[in-house]
Number of protein chains: 2
Amino acid sequence: MVTIRDVSKLSGCSVATVSRVINKSGYVSADAKQAIQKAIKELNYKPNTIARSLSGKKTYTVGLIIPDIMNPFFPEIARAIEDVASEIGYTVLLCNTDDNLQKEKNYIDVLQTKQVDGIIIASYTIDEQQILNLYQDRFPVVVLDRIFHSSNIPAIVSKNREGSYIAVKHLIDQGCKKIAHIAGPFEVYASRERFVGFEEACKKNTCYLPSLISYQNGFHVSHGFDGMNELLDKDSEIDGVFAGNDLMALGALKALNKRGISVPKDIKLVGFDNTSLSAMTIPSITTIKQPIYEIGKRAMNTLLSIIDGKKVEKYVTELDVELIKRESS
Amino acid sequence: MVTIRDVSKLSGCSVATVSRVINKSGYVSADAKQAIQKAIKELNYKPNTIARSLSGKKTYTVGLIIPDIMNPFFPEIARAIEDVASEIGYTVLLCNTDDNLQKEKNYIDVLQTKQVDGIIIASYTIDEQQILNLYQDRFPVVVLDRIFHSSNIPAIVSKNREGSYIAVKHLIDQGCKKIAHIAGPFEVYASRERFVGFEEACKKNTCYLPSLISYQNGFHVSHGFDGMNELLDKDSEIDGVFAGNDLMALGALKALNKRGISVPKDIKLVGFDNTSLSAMTIPSITTIKQPIYEIGKRAMNTLLSIIDGKKVEKYVTELDVELIKRESS
DNA sequence: TTGAAAGCGGTACCAT
DNA sequence: ATGGTACCGCTTTCAA
């Protein structure tokens, strides 16, 4: 391995001077600079990042903590984060925690001992105190898809409530009279918000009935499937369904399909997220688009601001959602 | 930040001894050990991984280079790798390269200066010489879904040829007389193999016609859509389609749907990969299951063996594929 | 404008 | 069994 001392020797300058030209810091004469650059070329010298980190206190690496990269919401988040990271020479550590407290705690420890410059966390279950500790230690953190009202931890979320409202409004506009909702788990911030948005829209438009909500303890395809069946068993006049996310919407679609109920003729269906799968189903699913990529991008940019010691003016960034009309409605 | 010297002072032992108990190396008296462990607890000391890496030459981090985490094949790969990594205290750097040579070259450099212990590469385009260089520098590398016959670079692939054969055989068993293939780009190892498997199966079973193949220059939904339309325009008697992967199968399904051709009644369809989406479509898509998780797992285990200096006996690991029967056939 | 040298937080060799 | 200390490769202060 070629070190800074090799460059120093070959160029006839001291390591300090070499360091200066590498980092473009301090004064270096044109002659010295040239000699050093020549030596760097010749030796194909690449500064050792580890040594740099140890001395300089920065690793140019951030940690991304998510429940599971296999959940279709997260690849795009990860991609966005990685895109802005790599753009400026940062690198991203991928951490899956399955919403498991122990794994989360463990990863936070690991990331700290690895001296990452900051952490982006998307977790439904994580111990609030855990994150608060980081925040109070002035460790750069940004939270996704969740808000801690008890503190000023920077958070990026999208307008879930408004999204639900738009979804229900759309179903009404399409002629639906009896609209049901398949709600995700209430521990999850986004589920709660979507539920509230649904309630608000229903109250304003007189289609609210408590029996028209199925409460699920998860948000995967199977939950949508079960929820849809549950709703259909209770009330056969349902003509519109708003599912808490696309995965559940797909589950609902499967249940409807199995019963021979036609979408969108008999029942119209709207999902949430606009994950890639919603465009892939047949019929494709109308959904509320979260700007997933944008969420990731903003999160990373916010994190970088914090890392650079800039004051973050907006602690909560709320991003706009949008109705994507497709075949299911 | 608490350092080893703080522990040394508080415990009354030297840093060398503290280091010994941290690493369970060398002899330490019971008394010393106890005092040190007490001090570690009290100070909540965590060894600094960066310092450790600088001195010890290992970072316990590996790089994962893939085209795009948003491609549904890779989240599961990433998950598998991260699972085995985290299990033994390793950490994974996520690198998306979009099959772009410059990005690949750049990431390989970055990963080397970050001193990762090894790299797992899944790339269709990457310069063979690039990887060869790493390999010859004795830098631990494992390649996914591709084989370099010119060298002994460890590779994990699945039995693509056999998979195609099984797919075609299945279509024949279902009564298909005229089977078409939508082939992915030939630069991609897996596409070539699947194509060859298709040809072999057709020749053995007398349903081979060159006109029944659509050659696509990509493998996304749109390519399947276009390919299907192309085939249908050429020959209206097709009653079975084998798509080069699930995304293309979905595209084909969409095209068929649009033309009012019923699947599986009029045309039966088989995909490849068994990505999660294949189970989600309506009708769900029969496919050849690649053991995606297993591929990732093996790749990481192989990499770890290499890192630990063990001899790798099998340079090419070929994993079995399996027919997953679903509604589309 | 330059260089010597003291860290950064560990590891591990060599004495004792 | 233990401790002193010279590294690992780079940054940064301080003096020249």
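Tutor: We will take the interface term by term.
Tutor: This is a predicted model, in which local features need pLDDT of at least 70 and side-chain atom pairs count only at pLDDT 80 or more, while totals for chains, interfaces and linings use all residues. Residues are numbered from 1 along each chain as its sequence is written, chains are lettered from A in the order in which they are written, and side-chain values use heavy atoms, with hydrogens and water left out.

Student: How many residues of chain B are in contact with chain A?
Tutor: Contact means heavy atoms within 4.5 Å, and 46 residues of chain B are in contact with 46 residues of chain A.

Student: What is the area buried between chain B and chain A?
Tutor: Buried area is the accessible area (1.4 Å probe) that two parts lose on being put together, summed over both; here it is about 4,000 Å², and carbon and sulfur atoms give 61% of it. In chain B, the residues that lose the most area to chain A are B:I50, B:R79 and B:I282, together 18% of what that side buries.

Student: Why is the meeting of the side chains of A:D98 and B:R79 called a salt bridge?
Tutor: The term requires a side-chain nitrogen of Lys or Arg within 4 Å of a carboxyl oxygen of Asp or Glu; the N to O distance between A:D98 and B:R79 is 2.2 Å, so the pair qualifies. Across the interface of chain B and chain A, the rule finds 6 salt bridges.

Student: What makes β2 of chain A and β2(B) a pair?
Tutor: Strands (E, at least two residues) are DSSP runs, numbered from the N terminus, and two strands pair if DSSP finds at least two bridges between them. Strand β2 (residues 91-96) of chain A and β2(B) have 3 bridges, in the antiparallel sense, and therefore pair. In β2(B), B:V92 is the bridge partner of A:L94.

Key
Helices (H or I, at least four residues) and strands (E, at least two) are DSSP runs, numbered from the N terminus.
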